[in-house]
Amino acid sequence: MTETRIDRRFKACADAGRPALVTFITAGDPDLETSQAVLNALPEAGADVIELGMPFSDPMAEGIPIQLGNQRALAAGHTMDKTLQMVRRFREQDNDTPIILMGYYNPIYVRDPEKFVKIARDAGVDGFIIVDIPAEADDELCIPALEAGLNFIRLATPTTDDKRLPAVLANTSGFVYYVSVTGITGANIADTGQVTQAVNRIKSHTDLPVAVGFGVKTADQAAVIGKDADGVVVGSVLVNAIRDSLDEAGKATRQDRQCGFGRCPGSGFRLRKSPFELNRVV
Amino acid sequence: MNDMANSIRTGPDDRGHFGIFGGRYVAETLMPLILDLEQQYENAKNDPAFHAEIETLNTHYTGRPSPLYFAERLTEELGGAKIYFKRDELNHTGSHKINNCLGQILLAKRMGKTRIIAETGAGQHGVATATVCARFGLPCVVYMGATDVERQKPNVFRMKLLGAEIVPVTAGAGTLKDAMNEALRDWVTNVEDTYYLIGTAAGPHPYPEMVRDFQSVIGKELREQMMEAEGRLPDALVAAVGGGSNAIGLFHPFLDDADVRIYGVEAGGRGLSGEEHCASLTAGKPGVLHGNRTYLLQDDDGQIFEGHSISAGLDYPGIGPEHSWLKEIGRVEYVPVMDDEALDAFQMLTRVEGIIPALEPAHALAHVVKLAPQMDKDQILVMNLCGRGDKDVFAVGQMLGFDI
């Protein structure tokens, strides 16, 4: 397949000698207007790649922070059409930062996967991360996505052994998402050394960039993991920052909370600007 | 029996599909485990010692075979087909759930797992799981929606007595769907040592097949018992479907017997026009949730409804994938029964036959009340009386205005 936005962005980060910062937010959290403002501000705040969560009623792989983000978005009336609309609006200002739709299969399945991948591509989406479609079901969404010129990023996990890894990598493109723990998003990484080992194990099987996520909470952790990984994914911490910016009415007006992630000095992991200043931007 | 080529009893295929339904839609973390489970179950199926152990436990621990009972007074009252009950409510722990739990815990032991987790709605599966965990000395964690914890207190206490840890789940409406999400989160976190003992014939392959196989003891016994009692097969089978484990256990051995009409009864809740029901097959559409493709109650955007039923055990917006397929090919007829009809049937059986049923089979009974009078007196109808009503006495008391 031809070079995609995702390929170009990882290459640019590698050329600059640093890992990519991959950020996750839930589309429509806490409401459409705020979420659009956060999305639009992410590149300026340091995001190299954006994962945009598609809210789902049953987010089985998520810890409490992202579960709540999903609930806030759905309670505010968010839909898949609005998620795609957010991407279109983002593309009016930014034609370089990749956007990956992340979530669960059912909201795509009910829309007919073959049609949906084309609509998403035309809206400016670059790829998909779908938690509950294993490689065994590649024919359903992964192959149609690849045929539409989009990347399909597969998760590899601590339980994906060397025997299984080739099957998982077979149709993966863009990058490989290594899940740092057996667990849910927002879990704690017990041992960054094991994560590094796993990243190098995956790299021995593929030339694709490897990004690490699930449980990266601090800039220090990101710096350690980013020495070997090509990207670091930050999700729950960002979603919590959005939560902490909400007043009693659920509006993002509070400015008194700060998160330390982006302010860790000397970590070697460069965040050009704290994503948490977004709350003040909004 | 038909030959294999024409049989509809041979599913699922090697990817776990019944037609387009079923499959394995789980996170990558769980995939290696699911594939291992499939292999281990294949091995166990072909091991006579495994079957012998289940049979011994069925006989001496559960109390199988469960009786086939001719409900003479109810038959007279309804004035149509002869009505028989397959009395799985007399099993140890009070429902059909124990059939599946014994099979799966033996499998968990074979796999060397040291911790058991389960989800429960009405608490019947939770009690059965806690029971087999006590029997085999394994720690047990049961996820239960906070709403269900409240309305099924007797079963919550039973599970605690049996040594299980109960985790109330407050996400969503706090019912079975949310409990299953939380159990999946536990499983993906503790994948190395933990066995997820799913209570219904749903979830990723091989669960729907495995649970069906363990529950099929119901239908197999019925065939023999009916031949002995009447010298022929029944004309109609009726069972309640939530996830559908008791129903598939009753139906499966009869699927190739074209003359046997089969009815699955869904919870119609407060009526099918709104969202307050659990009739996934009657009012839902295909989707993917909890590891399988099946009929789901959902909106146009693919968001899953919470569902509602008077019966916690039927309070699930999905259904086992084999039922979805049996609906599509037209082999089984699925019909809804409303809350108030189930409540009437509950009281009727209590007064006419001296049997207090659980609210789940009370739904099946409400359909029997409609169906039997339309059948001839020389026809035979069998209903699976899959659970007893002790757990529901307090809740029903409240609904009927008694202060217990």
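Helix axes are lines fitted to C-alpha atoms over the stretch in contact, and the angle between two of them runs from 0 to 180 degrees between N-to-C directions. In this predicted model, helix α2 (residues 48-62) of chain B and helix α4 (residues 97-110) of chain B pack at an angle of about 140 degrees, with their axes 10 Å apart. Because angles over 145 degrees would count as roughly antiparallel and 65 to 115 as roughly perpendicular, α2(B) is oblique to α4(B).

**The α2(B)–α4(B) pair**

- The crossing of α2(B) and α4(B) is right-handed.
- On the side of α2(B), the contact is made by Phe50(B), Glu53(B), Ile54(B), Leu57(B), Asn58(B) and Thr62(B), while α4(B) contributes Ile98(B), Leu102(B), Gly103(B) and Leu106(B).
- Sorted by class, the residues in this contact of α2(B) with α4(B) are 6 nonpolar, 3 polar and 1 charged.

**Chain B as a whole**

- Chain B contains 16 helices and 14 strands, and its radius of gyration of 19 Å is close to the 22 Å that the globule rule gives for 404 residues, so chain B is as compact as a globular protein of that length.
- Taken along the principal axes, the box filled by the C-alpha atoms of chain B is roughly 55 × 55 × 45 Å.
- Of the 404 residues in chain B, 60% are buried.

**Where chain B touches chain A**

- The contact draws 27 residues from chain B and 32 residues from chain A.
- On the side of chain B that touches chain A, the elements giving two or more residues are β2 (21-25), α1 (31-45), α8 (176-189) and β11 (285-289) of chain B, and α8(B) gives the most, with 6 residues.
- By class, this side of chain B divides into 13 nonpolar, 8 polar and 6 charged residues.

**Chain A as a whole**

- Chain A has 12 helices and 9 strands, and its radius of gyration of 17 Å agrees with the value near 19 Å that a compact globule of 282 residues would have.
- The C-alpha trace of chain A spans about 50 × 45 × 30 Å along its principal axes.
- Buried residues account for 55% of the 282 residues in chain A.
- Among contacts in chain A between residues at least 6 apart in sequence, those joining residues at least 24 apart make up 74%.

Note on methods:
Residues numbered from 1 in each chain as written. Chains lettered and ligands numbered in written order. Predicted model: local features only at pLDDT ≥ 70, side-chain atom pairs only at ≥ 80, totals over all residues. Helix = DSSP H or I, 4+ residues; strand = E, 2+ residues; numbered from the N terminus. Parallel < 35°, antiparallel > 145°, perpendicular 65-115°, else oblique. Left-handed = near helix turned anticlockwise from the far one by under 90°. Contact = placed C-beta atoms within 7 Å. Nonpolar A, V, L, I, M, F, W, Y, C, P; charged D, E, K, R; others polar. Rg over C-alpha atoms; globule rule 2.2 N^0.38 Å. Buried ≥ 20, exposed ≤ 12 C-beta atoms within 10 Å, placed from the backbone.
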